[in-house]
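Please read the following note with the sequence and the model side by side.

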Amino acid sequence: MQQAYPSVNPASLPAWQALLQQRAAMQYYSMQAAFDADPQRFERMSVHHQDMLLDYSKNLIDSTTLSLLTQLAEQAGVPQALQAQYDGALINTTEHRAALHSALRRPASDSLIFEGEDIVAAVHQVHARMEHLVNQLQGGQWTGFDGQTITDVVNIGIGGSFLGPQLAVEALQPFASGHLRCHFLANIDSSEFHQISRQVVPARTLFIVSSKSFGTLETLKNAQAARQWMLDSGCSEADLARHFIAVSSNVSKAVAFGIAEENILPMWDWVGGRYSMWSAIGLPIALSVGMAHFRALLDGAWQMDQHALHAPLNANMPVIMALLGIWYANFHGAQSHAVLAYDNYLQSLPDYLQQLDMESNGKRVRHDGQPLAYASGPVIWGNIGTNGQHAYHQLLLQGTQVVPADFIIAARSQNPVADHQQWLFANCLSQSQALMLGKPLARAEDELRQKGLSEPQIKALAVHKVIPGNRPSNTLVLPQLDPQRLGALIALYEHKVFVQSVIWGINAFDQWGVELGKELGDQVYPLLDGSSDGAGLDSSTLGLAALYRQA
């Protein structure tokens with residue numbers, strides 16, 4: 001299939017070969033020495049997007065490294081790829097689809113003709129429908145089967161239909177109108193349905209069923225459970241439409257389920273699930289914070305789109321973050337990447353980025369079907385600071401693995417208490433500093449000597465207190481966490497992931513591994529209910545299924 005932009009084996013590019021030599025030349029590179037030698041290192045290795053700052057000065061790079069990484073992006077066709085994606089080229093080569101999530105946040109004054117339709121106009125028509133629903137629900141005009149106003153919204157979806165909306169609703173709690181409480185039901189584990197159903201009143205609850213096909217197993221099963229729960233609570237079949245909205249491209253299935261056609265919002269094939277929070281999938285966000293704030297979220301993302309498209313590569317925030325990830329994954333052997341958000345409202349950001357990054361770049365062949373001879377996507381993990389400092393930061397500081405990290409913090413708290421924010425910021429900066437500086441043996445020995453330990457005791461203990469340092473991190477600083485900055489932050493990571501996929505030559509927009517799990521689940525289920533003897537299945541699956549039936 002014809003590629004919309006150059007796609008080659010990156011290991012064959014001149015810049016890749018030069019980076020291999022650069023890695024060998026930097027074997028003993030010291031970040032601390034680099035800071036000592038260059039008082040302007042922070043200024044030279046920081047980039048701004050509006051009032052957001054990326055400090056990447058605490059990385060194992062010098063000006064030569066950055067130049068070679070930028071050349072790698074140019075030789076791999078990153079600028080062309082970013083433009084091709086934005087213009088609607090069919091860059092999802094295995095499914096012959098565009099990846100036009102950026103069109104979801106374009107202003108109404110824009111236009112993009114795709115397959116004969118102005119999709120920007122279509123998107124804004126859906127936004128208008130969303131606004132009508134939001135106004136009805138927040139204004140109390142939408143009532144349940146007994147005439148009471150709706151107070152709770154339960155979003156039923158999984159994957160991208162869940163992680164993005166949950167992240168944004170949590171992150172923007174200070175901007176919530178207070179009219180509606182949002183809950184998220186994703187897991188097919190019935191305990192999650194049980195917990196949520198205990199928190200809400202049936203007559204005052206609205207369910208949003210988010211599924212492009214209206215057939216995703218977990219979503220459909222939870223929707224069916226919700227439907228039965230409503231009927232058991234006194235809602236008639238005729239009144240079910242007052243308690244269900246759908247976001248789906250399968251209108252007939254949603255109508256058959258009992259959802260009024262005017263309450264079904266569309267999805268498009270050119271939007272992948274993990275990129276869909278900007279679409280009607282984001283309805284829970286709009287219901288929580290209102291359409292004005294939802295539009296600010298979109299605007300922040302669109303502004304980041306423009307930065308990614310037009311900023312020079314060496315001053316392009318997502319490109320720089322992507323290139324640093326390539327540098328560590330492919331030239332330093334790093335296998336994971338930590339996301340450390342020093343903001344309690346961003347507690348779900350690592351979960352969201354796990355899907356965005358690992359489902360996109362967890363691939364083993366290039367566009368041309370050739371196996372990768374180099375590492376692709378890393379394992380993404382993390383949690384909120386300062387909690388992690390009392391848990392896994394020990395591995396970051398003294399473990400045998402080098403784990404690059406992103407520290408994310410807002411300068412201003414939405415909920416200031418005494419000097420808490422100052423201490424939070426101090427912890428964030430000190431942790432990135434500790435990763436860089438470490439604690440050498442001589443300093444550890446001096447500290448023990450000052451405590452009065454004997455020389456034999458010092459010799460025995462000091463080595464345990466050594467922290468190697470020279471470990472890389474980025475620091476992202478926002479003035480405050482609000483809808484616009486959140487939109488920019490999420491779009492930043494979207495572009496970072498795509499740029500890495502371009503350099504690796506892989507398709508970031510399919511997920512055939514996920515599909516295999518669904519297929520095998522359909523084979524295993526009949527074994528559990530006894531309708532199949534499992535002929536041809538492995539002994540482990542058969543044995544475990546037998547234990548299930550016995551239980």
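1. Strand S10 (residues 336-342) pairs with S11 in the parallel sense, over 6 bridges. Within this pair, His 337 has Ile 380 of S11 as its bridge partner. Strands are said to pair if DSSP finds at least two bridges between them. Strands (E, at least two residues) and helices (H or I, at least four) are DSSP runs, numbered from the N terminus.

2. The model is a predicted one: local features need pLDDT of at least 70 and side-chain atom pairs count only at pLDDT 80 or more, while totals for chains, interfaces and linings use all residues. Residues are numbered from 1 along each chain as its sequence is written, and side-chain values use heavy atoms, with hydrogens and water left out.

3. S10 and S11 belong to an open sheet of 6 strands, in the order S1-S2-S13-S12-S10-S11, with mixed pairing. Strand S1 (46-49) and strand S11 (379-384) stand at the edges with a single partner strand each, so one side of each has no neighbour in the sheet. On average, neighbouring strands of this sheet are turned by 15° against each other, direction ignored.

4. Helix H13 (residues 317-331) packs on the sheet and touches S1, strand S2 (52-55), strand S12 (405-410) and strand S13 (473-478). The direction of H13 makes about 25° with that of S2. Helix H14 also packs on the sheet, touching S10, S11 and S12, and its direction makes about 170° with that of S11. Contact means heavy atoms within 4.5 Å; axes are lines fitted to C-alpha atoms, for helices over the stretch in contact, and angles run from 0 to 180 degrees between N-to-C directions.

5. Which residues lie nearest the centre of the largest pocket? They are Thr 216, Gln 511, Val 514, Glu 515 and Lys 518, out of 38 lining residues. A pocket is an open set of points on a 1 Å grid where a 1.4 Å probe fits, with protein on both sides within 12 Å along at least five of seven lines; lining residues have an atom within 4 Å of a point. About 1100 Å³ of space lies in this pocket. H20 gives the most to its lining, with 7 residues.

6. The second largest pocket has a volume of about 310 Å³, and 17 residues line it. Helix H16 (residues 420-437) supplies the largest share of that lining, 3 residues. A volume is the space filled by probe spheres set on the grid points, which are joined across faces, edges and corners.
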